[in-house]
Amino acid sequence: MTNGYLISFEGGEGAGKTVQIKRLRDKLTENGFDVLVVREPGGTVISEQIREILLSAKNVGIAYTTEVLLFQSARAQVYRELVLPSLEAKKIVLMDRTRDSSVVYQGMVRGFGVDVIEELNNISTRETYPDLTFLLDVPVEIGLARRAQTDKMDRLDMEAKEFHEKVRAAYLKVAKKNDHGRWHLVDASKTIDEIFEEIWQTVSKTLL
Ligand code: TYD
C-alpha cells in the first residue's frame, strides 16, 4: 500500500452500520492495522457543531439548499482535518457515511441531481473516493423498528416511511450501477455475526 485505504459504510436508518464498523475496527486493529473511525456528518469539533444544526429536531425549517451545503461543509472540514492526513499517513479510515449519503439523500431523494452533488463532493473531499463501500441494505420496517428501540429519533429519522423507501431504492440503484467497482451489497436483515462475516471476507481479501 502506497497510501491508506478508505472503507465507507452506507445505508438507511437502522441498518446497523455503527456496530459493524466497531467490529471491523477491532478486527483490523488486532491484525496490526492503524485504524481511524469517522462518522459523517461530524468527526471534528467543527463538523460536530454543523451536525448539531443539521440533525436537531428543532430545525424543521431548514431549507434543502442549506442542508446540502451544510453536509458538504461538515465533509470538507473532516476531510481536511482528519481523513486526508490519515490516508497520507497510510492509515485505514472507516467512514460511517460519506459522499454517497449526499448523492442518495440530497441528490436523488431531495432531487438536487447527482451531478451537482458529485461536483460538491469532489470539492469537499479533494476528489477522494472510498476504495470499498458496503451498502447495508435492510427493509424499511425493520430499519425503523431497530432505530426506535435504540436511540432518540433525529430530524431525518422522523421523515415519512415513503422518504425512507426512496432512500433505500436510491441506494440499491447506486450500488447496482457500481461505479469504480467499489460497492458491496450486504443483506443487513441477517444477524450481526453473519453480516460481519461477509464484510470481513471482502476486507481481508483486499488487505491481508
Ligand atoms: P445519523 O444519526 O448519523 O444516522 P445513521 O445512524 O442512520 O447513520 O444521521 C445522519 C443523517 O444524515 C442520516 O439520516 C443521513 C443524513 N445524511 C444526509 O442526508 N446527507 C449526508 O451527506 C450525510 C452524511 C448524512
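Predicted model: local features only at pLDDT ≥ 70, side-chain atom pairs only at ≥ 80, totals over all residues.
Q: What about Ser102, how far is its side chain from a ligand oxygen?
A: An N or O atom in the Ser102 side chain is 2.6 Å from an oxygen of the ligand. For Arg147, a side-chain N or O atom is 3.0 Å from a ligand oxygen. The protein buries 94% of the 540 Å² that the ligand exposes when taken alone (Shrake-Rupley areas, 1.4 Å probe).

Q: Which residues come nearest to the ligand?
A: There are 16 residues around the ligand, and those that come nearest are Lys17, Arg97, Ser102, Gln106 and Arg147 (a residue is near if one of its heavy atoms lies within 4 Å).

Q: And which helix gives the most to that shell?
A: H4 does, with four residues. Helix H2 (45-55), helix H3 (64-88) and helix H4 (99-109) each bring at least two residues to the shell (helices are DSSP runs of H or I with at least four residues, strands are E runs with at least two).

Q: How does the shell divide into nonpolar, polar and charged residues?
A: Five residues of the shell are nonpolar, three are polar and eight are charged. Asp, Glu, Lys and Arg count as charged, while Ala, Val, Leu, Ile, Met, Phe, Trp, Tyr, Cys and Pro are nonpolar and the others are polar.

Q: New topic! What's the volume of the second largest pocket?
A: About 260 Å³. Its lining has 14 residues, with Val114, Glu118, Val174, Lys177 and Asp179 nearest the centre. H4, helix H5 (114-125) and helix H7 (161-177) each give two or more residues to that lining. By class, the lining holds six nonpolar, two polar and six charged residues.

Q: How many cavities of 30 Å³ or more does a search find?
A: One, in the whole structure. On a 1 Å grid, a 1.4 Å probe fits in a cavity but cannot get out, whereas a pocket is open with protein on both sides within 12 Å along at least five of seven lines; lining residues have an atom within 4 Å of a point. The largest cavity holds about 140 Å³ of space.

Q: Which residues are closest to the centre of the largest cavity?
A: Of 16 lining residues, those are Gly12, Glu13, Val138, Val140 and Arg168. Strand S4 (132-137), helix H6 (140-149) and H7 each give two or more residues to the lining. H7 has the largest share, four residues. The lining divides into nine nonpolar, four polar and three charged residues.

Q: Last one: is Thr125 buried or exposed?
A: Thr125 counts as buried because its relative accessibility is 0% (buried is under 20%, exposed over 50%, partly exposed in between). Thr125 lies in helix H5, and its side chain reaches the backbone nitrogen of Glu127 at 3.3 Å. Glu198, in helix H8 (residues 192-207), is partly exposed, with a relative accessible area of 29%.

Methods. Residues numbered from 1 in each chain as written. Heavy atoms only, no water. Polar contact = N/O pair within 3.5 Å; in protein donor to acceptor, adjacent residues only side chain to side chain. Points joined across faces, edges and corners; volume = space filled by probe spheres on them. Buried < 20%, exposed > 50% of the residue type's maximum accessible area, 1.4 Å probe, protein only.
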